[in-house]
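I want to see the chain before I write anything down.

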Amino acid sequence: MTTHIQPILPGEPMPHRKVMREWLLPLSGRTTALAFVLIITDYILWAALLTGTVLFEAWWAKLLCGLVAGFVIGRLFILGHDACHQSLTPHRNLNKWLGRIAFLPSLTAYSLWDIGHNVVHHGYTNLKNFDFVWAPYTPEEFAALSPFEKLRDRVYRSGWAPGLYYMIEIWWNKMVFPNEKNMPTRRPIFTKDCWLITVFGFAWVAVMAWAAVATEQSIGYILLMGVAVPFFFWVTMIGFVVYVHHTHVEVSWHEERTGWSKASPFVSTTVHLTFPMQIGALMHHIMEHTAHHLDMSIPLYKLKQAQSKLEELLPERIIVQPFSWSWYVQTARDCKLYDFKTDSWMTYDGKVTSPRAMKAA
């Protein structure tokens, strides 16, 4: 039981990951029935909202339905994400099938996501040249880029384009029939999963086009509201989520595995972003991210408890950031490049922005 565990105070050695996972062991139980309820509920919501993009007459009502449908795609993706971690139900094979089903509206290839997320991202979080998600350039690397590559990085890290980054760098390059450069490992299941999302995507477009014809509306208009808007909202949502999970002036990147492993990266490289009005709950608690990185077996419906327990037992060790748009804009300004010599985030013009580096100077 964790009731008698004393908090690990600042300055005391960090316990081993196995010890910390034992703190959360009572919260790792999974429920199959609840998994089905969550997936079915979100699929019904998604279908109803797509129906709204067809049946509502006002353009703003169609647009609103399309935007919320994109948010629900994000909710389904989070359920698939849990299944991919084997934390949605206690049954391994069932998780694989439910994960594929939940991933369909986001057009995410389950097996490719498994490799990129479970193996690479969780295995080497914020380790340069291993973890590729939102990996920052060093000042030297940025200086060596072509003008187009510099412009692309400036756009991606502007704060306005997390969806563009995710859609191109993650989804298109790594989730849709990736070439050998983006996915050197070649497995038949990768191709099968790519065909699965391709067929689903064509079916989604075909159904919306049929609905447009049946209701005597423009096919292009309905595809815009019922396919393009939901999908772009979804990639913007996930691009934002992944960015804020591991980008913060207090978060370090590492270039050597020895230093990275000593830094307890499953705790030190993640951010717990908090929101008002239960927005975090609406996102299936994906923002309780430190607990998730520490123990991926904890189901989403117990992450809030797990995060609270961690913050209680590791005071001042976990980055907890209340969300505000001013914080997000400032983070986008401050976190452009990463200088490993000073262990600091930097702006493009060389300004050091991480507090630890500014204090050292």
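My entries on the salt bridges follow.

Ground rules first: this is a predicted model, where local features need pLDDT of at least 70, side-chain atom pairs count only at pLDDT 80 or more, and totals for chains, interfaces and linings use all residues. Residues are numbered from 1 along each chain as its sequence is written, and side-chain values use heavy atoms, with hydrogens and water left out.

Entry, the count. I took a salt bridge as a side-chain nitrogen of Lys or Arg within 4 Å of a carboxyl oxygen of Asp or Glu. That rule gave me 7 salt bridges.

Entry, Asp-295 and Arg-21. I found these two in a salt bridge, with the closest N and O atoms 3.0 Å apart. Arg-21 belongs to helix 1 (residues 17-24) and Asp-295 to the loop between helix 14 (289-294) and helix 15 (303-313), so the pair ties together parts 274 residues apart in sequence. Helices here are DSSP runs (H or I, at least four residues), numbered from the N terminus. For burial I used relative accessible area with a 1.4 Å probe, protein chains only: buried is under 20%, exposed over 50%, partly exposed in between. Asp-295 is buried at 2%, while Arg-21 is partly exposed at 35%.

Entry, Arg-100 and Asp-193. Their closest N and O atoms sit 2.8 Å apart in a salt bridge. This pair links helix 4 (residues 92-103), which holds Arg-100, to helix 9 (residues 188-214), which holds Asp-193, 93 residues apart. I noted Arg-100 as buried at 14% and Asp-193 as buried at 4%.

Entry, Lys-341 and Asp-339. I got 3.3 Å between the closest N and O atoms of this salt bridge. Lys-341 is exposed at 64%, but Asp-339 is buried at 8%. Both residues join Glu-140 in a network of salt bridges.

Definitions and conventions. Helix = DSSP H or I, 4+ residues; strand = E, 2+ residues; numbered from the N terminus.
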